[in-house]
Amino acid sequence: MMPTINFYSLLVFSIFFRVALILYGEWQDTHLEVRYTDVDYLVFSDAASYVAVGDSPYKRTTYRYSPLLAFLLIPNSIIHRSWGKFLFSASDILVGYFIHYILKQRKVPENLCNYCVMTWLFNPFTFTIGTRGNCEPIVCALVLWIIICLMNGNVAQSAFWYGLVVHFRIYPIIYSIPILLVLDPACFQSGQKPVLRVWSATEGEKPKDGDKCFLYNLLKSIFARDRLMFGLISGIVFLLCTGVFYHLYGWEFLHEALLYHLTRTDPRHNFSIYFYHIYLNYGNNTSMVEKLISFLPQFVVQLVLIFSIAQDLPFCLFVQTVAFVAFNKVITAQYFVWFFCLLPLILPWSKMKLKWQGFSCILLWIGAQTHWLLWGYLLEFKGKNVFLQLWAAGLLFLAANTFVLVMIIRHHTCASLFRSVEQANSKNLAKHE
């Protein structure tokens, strides 16, 4: 029997904990050689200071984000340099609140909800990201808010925020197909709120035939009203934001904020299996086709996952994100936050026990990452020529990610996010009888 935990006590403690970390970070930055603040935060702050005086944020070299982020951090130059850390940490807390809301909407028991929320609020990867000054919690909060809008039947609102988040951080573009797939006319009918499939302590409901042939249903109703509305609104918002900032900052904005991420070649060591090849060929003339070919494994894996489990939207987004990060050309620790915010949404439907399977997966993932960090330390700080060993450690990390992902998929009880209106009506009729 798990001890009872109060959700609002968790939130309050998490808030004070993050404030304490931000204050400690200010002290460490002042008194110790190794800074607590993320180097990216200094880039954000410099870009915001340029925007504050009417200049382009791209005058700051290595600023490769939407100008929206620089605008959000203008108070860094006016109020206090830690403004952004408080903003990111507030988004971090909001993610915890959204996780709780989504799980409660699906009738997950309160205590189980709270334990799931704890996997976000007290995850060392997540509470250090915001307090060190990384903007990823904003993106995580927006992704969860889009799911909430869909659950409440607010398709237009979800489309607006989706267009905005793709402009802000390009990677959520991978969620477009599964979102369009769940906007099934059988579940979304005009004037009616979609019916959610709720959590059950039993093994889970077997998918109906209608759930299995959703691809056929998609092709049959590809121009359904909600699908067209979502695509149109999100596209307009994305293009409008892009157009406004192109008008303000020109080609430099398009290249740094969008196009750079499609053809990025980073010679610095990172978790990706591609890093060593990029390092060896850096500076050589590489064709656009060669740069884009590395997206092929990502693309194939994404399509397989989407058309297998798209109806279970939170689970689909989670496995998509894990696979996207694992096969990416560049992988840094901050990318792990992208799927950590979705992990609590799938835990109530997992049959994997923490002891021993869950613990073994955690140990394997952390162990493979620690092994890579050891070689990275020898290269970065000791100047050892261990590039080949570091690349092998990257292969091992990919294998660990793949194994853990397969284990999660095998132990997950698939449950589509929405019921068809016909199924919901027949169930209600059976209850009345």
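Lys 85 is buried in this predicted model, with a relative accessible area of 1%, where buried stands for under 20% relative accessible area, exposed for over 50% and partly exposed for values in between (1.4 Å probe, protein chains only). The structure is a predicted model, in which local features need pLDDT of at least 70 and side-chain atom pairs count only at pLDDT 80 or more, while totals for chains, interfaces and linings use all residues. Residues are numbered from 1 along each chain as its sequence is written, and side-chain values use heavy atoms, with hydrogens and water left out.

Lys 85 lies in helix 5 (residues 83-105); helices (H or I, at least four residues) and strands (E, at least two) are DSSP runs, numbered from the N terminus. When its neighbours within four places in sequence are left aside, Lys 85 is in contact (heavy atoms within 4.5 Å) with Ile 22, Glu 26, Asp 29, Thr 37, Tyr 41, Gly 130, Thr 131, Arg 132 and Gly 133.

Helix 9 (residues 155-168) is largely enclosed by the rest of the structure, because 10 of its 14 residues are buried. Among these buried residues are Val 155, Tyr 162, His 167 and Phe 168, and the buried residues of helix 9 pack against helix 3 (67-72), helix 8 (136-151), helix 10 (176-182) and helix 13 (225-262).

Two pairs of helices were also examined. The axes of helix 1 (residues 7-31) and helix 6 (residues 110-121) come within 10 Å and cross at roughly 10°, axes being lines fitted to C-alpha atoms, for helices over the stretch in contact, with angles that run from 0 to 180 degrees between N-to-C directions. Helix 1 and helix 6 are therefore roughly parallel to each other, since angles under 35 degrees count as roughly parallel, over 145 as roughly antiparallel, 65 to 115 as roughly perpendicular and the rest as oblique. In this pair, Phe 7, Leu 10, Leu 11, Ser 14 and Arg 18 of helix 1 meet Glu 110, Asn 114, Val 117, Met 118, Trp 120 and Leu 121 of helix 6.

The axes of helix 16 (residues 295-309) and helix 17 (residues 313-326) likewise come within 10 Å, but cross at roughly 165°, and these two helices are therefore roughly antiparallel to each other. Residues of helix 16, including Val 301, Leu 305 and Ile 309, meet residues of helix 17, including Phe 315, Val 319 and Phe 324.
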